[in-house]
Amino acid sequence: MAAAAAAAAAAAEHAAEEGTLSIYKAARRIKRRESTLYNALRSVADDAAFVAEIAALWPALPLVANLRCGLWYAQPRSLAATCYFKSTDGHAGNWGFSTARLNLHLALLAGERGGCIIVDSTRKGKRFPDSMAKTIPIWCCVLNRAIQRHRLQAINQAVASNGDAEEYSGSSNWDSSVHLPVWVLETEKNAIEGRIEEWTDLFESCGADIHSLALGLRKPLRPLWISQNTRIWLNEVPDHQLWDFTPIILISASASGTVATQRTSSEFSWRYIPGAGDDEESWARGLTPTLFWKHSYDLLDGGPDLCNQLVADIVEKDRVYRAQRGEHSPQVIVKHAKCSSHGLEPYTGDHTIITQPMNSNPSTIAPANTQYSNGGHVVFWIGTSNLAVASTMQVADGLADMDCILNCDSTSRLPSSSSEDSYLELPIVGSKDERFSLLKNLPKAVSFAKKNLIAGRKMLLCCQNGEDISICVALAIITRLFSDTGCFDCGESFMRRDITKLEMRKRLVFICKYAINARPSRGNLRQVYGFLCNEKEQLPC
């Protein structure tokens, strides 16, 4: 009787809560009900079909995904590269130009192929995310302005020495103005224009290779915007080669509606979610874009009732495969680029990046010194420093040509029969999980690197994604142990120079020139700067 009375009281209380449910809670409950895994994947597939249609209008232009949302809206084999532009750099009143996300490989790719197409999406009911509306236009303008300065300076020097300035002919017609979409307010546009010179100075001071950009880009960069509301006459598609600029075509994959709409297929009914690929941690349940496209037919044909279980099975099988691949996968030898007497800095046309592009065509943007593996493993050599960065998820079976390994992944252990002198495992986690994890482990990492670099060994730095922690560890090693000219000197030049954020930024730009997937977080970069300052304080006067 007591149990029955308690159950009745609980039911009455629940009914009372239902009766007093606020509008906010009701809206949240409806949104959760509509934002199912199947609805998200079906929405992604529909939007990806639109992206494929637009990309087919300019088949010569490479398709690029803006991380991370853009990866969901194109099949991996159709992507030529990725880029990383953050919407926060385009928020009203918070506009910025990030030297940690220069994306110079994208500008060089666009110059080589005559332009490029970037795909992204947004959930917020806008036609375009702020990354496309303002961040990328600011980036295009700053690069154009820096190239214009470089060209004019080269012309003046050529004229002063009675040389030939024909290489930079046409600089007087170089468009370096800001091109923003028409819906951006005039006051906001004027505020952005007022800061372009400041951002250009920042770009020039960070040590970027503007000379290579000036040679690679024959026409200025200019963004163009395409959404599902854009009308394009298929019999009048313009030829991108006839434009007097290098087009950066920005595709916003999703429809701009703020409310989920009901859609039907031949078998199932589902709710369309704009920008479904955004914030994948909240809905994907461990599914990645690569896994989704590999199993897309099974997932979509299975319907909403089987979707969750199918995803769970796919994710678990992939986890088991990754756990076993170090034992069962064939080994691939990653060749190291020949060392140069000029150290790290000069670029002489001999790429030292060893990478597997995302598309299956080896002729697209493939560096000269590229060796491919069947598994698509990615290893980025940082100049001639004997340092390489990679992801433990991809390189577990590609360690044959490495002399030593610094594993910064707290979640996995690489297969290694090496001694303690050639293998070090540091369980470093991101700054969001532990504020000073990287800072506490950097002394051991730098000491391990110094010992092996003195012995002339080739060292691999790896973390879970190869984009953040391993990049920051490489930044600490290069700043602490290498000279300004890029020569390994055991830290002698570090003792003589001041450590500033500008100096650290220059070295980060250098690393990003080779590790084009680098995405170091601000929290980890702060820890690297703190470590270098501590090292400087501990040196004898």
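Glu197 is partly exposed, at 37% relative accessibility. In this predicted model, the side chain of Glu197 meets that of Arg145 in a salt bridge, with N and O 2.5 Å apart. While Glu197 is partly exposed, Arg145 is buried, with a relative accessible area of 15%.

As a general point, side chains of opposite charge can pair when their charged atoms come close.

The structure holds 18 salt bridges. Another of them pairs Lys440 with Glu434, whose closest N and O atoms are 2.6 Å apart. Lys440 is exposed at 54% relative accessible area, whereas Glu434 is partly exposed at 32%.

| Pair | N to O distance |
|---|---|
| Arg145 and Glu197 | 2.5 Å |
| Lys440 and Glu434 | 2.6 Å |

Now for charges on the surface. Which residues gather in a patch of positive charge? They are Lys86, Lys432, Arg435, Lys501, Arg522 and Arg526. One of them, Lys432, is found in the loop between strand 12 (423-425) and helix 13 (437-454). Its relative accessible area is 83%, so Lys432 counts as exposed.

Is helix 14 largely enclosed or open? Of its 13 residues, 13 are buried, so the helix is largely enclosed by the rest of the structure. Helix 14 covers residues 469-481 and reaches 18 Å from its first C-alpha to its last, close to the 18 Å expected at 1.5 Å a residue.

Helix 4 (104-113) also has buried residues, among them Leu104, His105, Leu106 and Leu109. Ala110 lies in this helix as well and is buried, with 0% relative accessibility. The C-alpha of Ala110 is separated by 10.0 Å from that of Lys219, although the two residues are 109 apart along the chain. After helix 4 comes Gly114, with a positive phi near 85°.

The loop that leads from strand 2 to helix 4 has its own points of interest. Ser87 lies in this loop and is partly exposed, with a relative accessible area of 26%. Ser87 and Thr122 are 35 residues apart in sequence, and their C-alpha atoms are 9.7 Å apart in space. Asn103 lies in the loop between strand 2 and helix 4 too. It is not a glycine, yet its phi is positive, at about 55°. Asn103 is buried, at 8% relative accessible area.

Where does Asn386 lie? Its place is the loop between strand 9 (379-381) and strand 10 (387-391). Phi of Asn386 is near 70°, a positive value in a residue other than glycine. With a relative accessible area of 13%, Asn386 is buried.

What is the form of the bond from Leu67 to Arg68, cis or trans? This bond is cis, with omega near -5°. Arg68 is placed in the loop between strand 1 (63-66) and strand 2 (79-83). Such features stand out because most residues other than glycine have a negative phi, and most peptide bonds are trans.

Terms used. Residues are numbered from 1 along each chain as its sequence is written. This is a predicted model: local features need pLDDT of at least 70, side-chain atom pairs count only at pLDDT 80 or more; totals for chains, interfaces and linings use all residues. Side-chain values use heavy atoms; hydrogens and water are left out. Patches are made of residues with over 30% relative accessible area and no salt bridge: like charges are joined within 9 Å, nonpolar side chains (Val, Leu, Ile, Met, Phe, Trp, Tyr) within 5 Å. Accessible areas come from the Shrake-Rupley method with a 1.4 Å probe; for residues, only the protein chains shown count as cover. A salt bridge is a side-chain nitrogen of Lys or Arg within 4 Å of a carboxyl oxygen of Asp or Glu. Lys and Arg count as positive and Asp and Glu as negative; His and the chain ends are not counted. The place of a charge is taken as NZ of Lys, CZ of Arg, CG of Asp or CD of Glu. Helices (H or I, at least four residues) and strands (E, at least two) are DSSP runs, numbered from the N terminus. Buried means under 20% relative accessible area, exposed over 50%, partly exposed in between (1.4 Å probe, protein chains only). The expected span of a helix is 1.5 Å times one less than its number of residues.
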